[in-house]
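Please have the sequence and the model at hand while you read.

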Amino acid sequence: MNRQAQAAVLFLVGGAMLHAGTTSLYLRYVKAGLQPLLLASGAVLIVAALATVWYELRRLRAARQHQVGEEPHGHDHEHDDGHGHGHREPRISWLLVLPLFALILVAPPALGSYSALRAGTALQPPLAYPALPSGDPVPLSLVDYAGRAAYGDGHSLGNREVEITGFVALDHGGTPYLVRMALNCCAADAQPVKVGLTGKLPPVLQPDSWLQVTGTYTDRRTKDPVNGGRIPFLEVREAKPVPTPKDPYDESWNQ
């Protein structure tokens, strides 16, 4: 892989990062707050690629002028080591192109029920319980409801109807959970927050399908079999399928 090829790979990686950062694709990899850094990184890679090409063209031009002026019968010393042997970059370096093709051609799906049931809940005690806004039902993030229900014993919820959204996961016993994967930084460190569902549920629940459920607090809870964490329940009054949201991850748990 010569310098021109290296510059081409840098340019393509930078372009792919800019493409991901200007569309919703980047949300499959990192949290929304990292979008500016992703765009800046892509721009830096493109500038580095262009600078590499410019530097290489200058070097080649200077080498040609040197050969014409001083070595009319000389040899090409572009990669010579002084003993007549040329240096060649290892061909294994072309493997660097494979992650690039994966980034461009294959958009990984968001983590779903398979990952959620094999990881312990990431739910932590909230720092405070702000008053709920007016209106019924009250739209809450799944993490907000789970924290109020599991650690606040539902005192901040009262008898208010709440509306939360997440994807479905079914444990080995068939218990349904509504889940959101919580991000700390990127998809690689995503952890689930789970809310058990009881009450008026659809007759058929499909794992990884997205539901918007409306219901009220119930004091029923269970322990996560993976890490023993608290999993609260919601008494469901209504459940309806919804499309997968633009950002499938929940970042509110660590804000």
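In what order do the elements of the chain run from the N terminus on? They run α-α-α-α-β-α-β-β-β-β-β-β, and the chain's secondary structure comes to five helices and seven strands, where helices (H or I, at least four residues) and strands (E, at least two) are DSSP runs numbered from the N terminus. This is a predicted model, in which local features need pLDDT of at least 70 and side-chain atom pairs count only at pLDDT 80 or more, while totals for chains, interfaces and linings use all residues. Residues are numbered from 1 along each chain as its sequence is written, and side-chain values use heavy atoms, with hydrogens and water left out.

**The chain as a whole**

- Of the 255 residues in the chain, 35% are buried, a word that here means under 20% relative accessible area, with exposed meaning over 50% and partly exposed in between (1.4 Å probe, protein chains only).
- Among the contacts (heavy atoms within 4.5 Å) with a separation of 6 or more, 68% are between residues 24 or more positions apart.

- The whole structure holds seven salt bridges, each being a side-chain nitrogen of Lys or Arg within 4 Å of a carboxyl oxygen of Asp or Glu.
- One of them joins the side chains of D144 and R148, at 2.9 Å from N to O, and both residues lie in helix 5 (residues 142–151), four residues apart, which is about one turn of the helix.
- D144 is partly exposed, with a relative accessible area of 27%, whereas R148 counts as buried at 3%.

- R221 forms a salt bridge with D153, and their closest N and O atoms are 3.4 Å apart.
- Because R221 lies in strand 5 (residues 210–223) and D153 in the loop between helix 5 and strand 2 (162–170), this pair ties together parts that are 68 residues apart in sequence.
- R221 counts as partly exposed at 32% relative accessibility, and D153 is also partly exposed, at 40%.
- R237 forms a salt bridge with E161, with the closest N and O atoms 2.6 Å apart.
- R237 is in strand 6 (residues 230–241) and E161 is in the loop between helix 5 and strand 2, so the pair links parts that are 76 residues apart in sequence.
- R237 is partly exposed at 39% relative accessibility, while E161 counts as buried at 19%.
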